[in-house]
Amino acid sequence: MRFIPLIVARPEVQMAIDEAIMRARIEGKVPDTVRLYAFSPSSVTIGRFQSVRHDVDLDAARKLRIPVVRRITGGGSVFHDEFGEITYSVVIGEDYHSALRNVEESYRYLAGPLVDALRELGLHAGFSGLNDIVANGKKISGSAQTRRKGVILQHGTFMYATRVDILAKVLRISKAKLSDKGVSSIWERVTTLEREGIKLNRWETYELLKDKFFAAFELEEGQLTDYELELAEKLIGERYGNPEWNEMR
């Protein structure tokens with residue numbers, strides 16, 4: 001498997017790269033791939049079938065200069081803090097491991113290194129529901145997934161110092177959803193390493209996650225191919241940099 005070192009870029013670039021890797025993997029042009037990346041500026045991504053206006057406070061996002069980009073994966077809206085979040089991405093064939101045939105098992109298998117990282121830091125960590133990871137009972141990571149032609153793309157967050165106050169301003173989180181989780185506010189629902197008393201910077205968090213992914217998978221460091229880069233540039237124009245795609249319902 002290939003590991004792509006940290007890329008820091010705008011949301012339309014990151015989402016285009018993830019899809020480009022998936023397409024190249026389906027075509028047999030690249031191996032299974034793991035990468036870690038960060039958004040700059042801070043951004044919001046929304047699920048493939050979500051309503052932007054229902055899930056995001058667009059006025060708040062504009063005031064804070066936070067771009068909003070639609071993913072090809074499912075799930076809801078996600079705030080990616082430039083100063084406190086790293087995203088992981090895995091593109092992998094369903095035949096790599098038997099756990100990947102089952103949706104719930106696949107989420108846990110592919111996001112397992114994040115739980116390993118949290119436990120190494122001394123936190124009580126595990127999975128909750130289909131695609132969340134909790135630390136000391138609060139959500140610290142969420143993942144989303146899509147499958148095409150026997151290939152899985154799964155990506156998700158790892159919040160080491162996300163500004164929860166900004167998250168609460170830009171995401172519309174219904175009281176019903178909070179109630180379903182047994183909490184009354186986002187502050188009761190979400191946490192970060194920093195809120196749990198652990199202060200790591202971006203590079204320390206990156207190295208921790210990288211070590212855990214290398215321990216879980218047989219990885220070799222590599223780079224994006226020219227084919228993937230050209231395809232990503234095309235996808236930015238067609239989709240992720242296109243308001244029609246991002247604002248569609």
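**Contacts, cores and helix geometry in the predicted model**

Leucine 171 touches Val44, Asp55, Ser77, Val78 and Phe79, residues up to four places away in sequence being left out of the count; contact here denotes heavy atoms within 4.5 Å. The structure is a predicted model, in which local features need pLDDT of at least 70 and side-chain atom pairs count only at pLDDT 80 or more, whereas totals for chains, interfaces and linings use all residues. Residues are numbered from 1 along each chain as its sequence is written, and side-chain values use heavy atoms, with hydrogens and water left out.

Leucine 171 is located in the loop between helix H5 (164–170) and helix H6 (175–180); helices (H or I, at least four residues) and strands (E, at least two) are DSSP runs, numbered from the N terminus. With a relative accessibility of 9%, leucine 171 counts as buried, the classes being buried under 20% relative accessible area, exposed over 50% and partly exposed in between (1.4 Å probe, protein chains only). Between leucine 171 and alanine 16 there are 155 residues in sequence and 22 Å in space, C-alpha to C-alpha. Phenylalanine 79, when its neighbours within four places in sequence are set aside, is in contact with Ser42, Ser43, Val44, Ile66, Thr162, Arg163, Ile166, Leu167, Val170 and Leu171.

In soluble globular proteins, nonpolar side chains tend to be buried together. A nonpolar core is taken as a set of buried Ala, Val, Leu, Ile, Met, Phe, Trp, Tyr and Cys residues joined through side-chain atoms within 4.5 Å. The largest such core comprises 50 residues, and those with the most contacts inside it are Leu36, Val44, Val68, Phe79, Leu118, Leu193 and Phe213. Helix H4 gives the most to this core, with six residues. Another core, of 20 residues, lies apart from it and includes Tyr37, Val91, Val151 and Leu235.

The 18 residues of helix H4 (residues 103–120) should span 26 Å at 1.5 Å a residue, and the end C-alpha atoms are 26 Å apart, which agrees; the expected span is 1.5 Å times one less than the number of residues. Among the buried residues of H4 are Tyr107, Leu110, Ala111, Pro113 and Leu118, and their cover includes strand S6 (85–93), strand S9 (138–148), strand S10 (151–159) and helix H8 (202–216). At the start of H4, a side-chain oxygen of asparagine 102 reaches to within 3.1 Å of the backbone nitrogen of glutamate 104. Just after H4, glycine 122 adopts a positive phi of about 90 degrees.

Helix H9 (residues 226–240) bends by about 25 degrees at lysine 234. The buried residues in H9 are Glu228, Leu231, Ala232, Leu235, Arg239 and Tyr240. Elements covering them include strand S4 (68–70), helix H1 (11–26), S9 and helix H10 (243–247).

Nine aromatic pairs are present in the structure; rings of Phe, Tyr and Trp (its six-membered ring) pair if their centres lie within 6.5 Å, and planes under 30 degrees apart count as stacked, over 60 as edge-to-face and the rest as tilted. Phenylalanine 3 and phenylalanine 214 form an edge-to-face pair, at 5.3 Å centre to centre and 65 degrees between the planes. This pair links distant parts of the chain, with phenylalanine 3 in strand S1 (residues 2–9) and phenylalanine 214 in helix H8, 211 residues apart. Phenylalanine 3 counts as buried because its relative accessibility is 0%, whereas phenylalanine 214, at 30%, is partly exposed. Tyrosine 96 and phenylalanine 217 form a tilted pair, with 6.1 Å centre to centre and 55 degrees between the planes. Ring pairs link Tyr88, Tyr96, Tyr109, Phe213 and Phe217 into a cluster.

The peptide bond from serine 40 to proline 41 is cis, with omega near 5 degrees, and proline 41 is found in the loop between strand S2 (33–39) and strand S3 (43–46). Asparagine 136, although not a glycine, has a positive phi of about 50 degrees; asparagine 136 is partly exposed, with a relative accessible area of 40%. Lysine 149, also not a glycine, has a positive phi of about 50 degrees and lies in the loop between S9 and S10. With 77% relative accessibility, lysine 149 counts as exposed.

How values were computed: A polar contact is a pair of N or O atoms within 3.5 Å; within protein, one must be able to donate a hydrogen and the other to accept it, and residues adjacent in sequence count only if both atoms are side-chain atoms. The bend at a residue is the angle between axes fitted to the seven residues ending there and the seven starting there.
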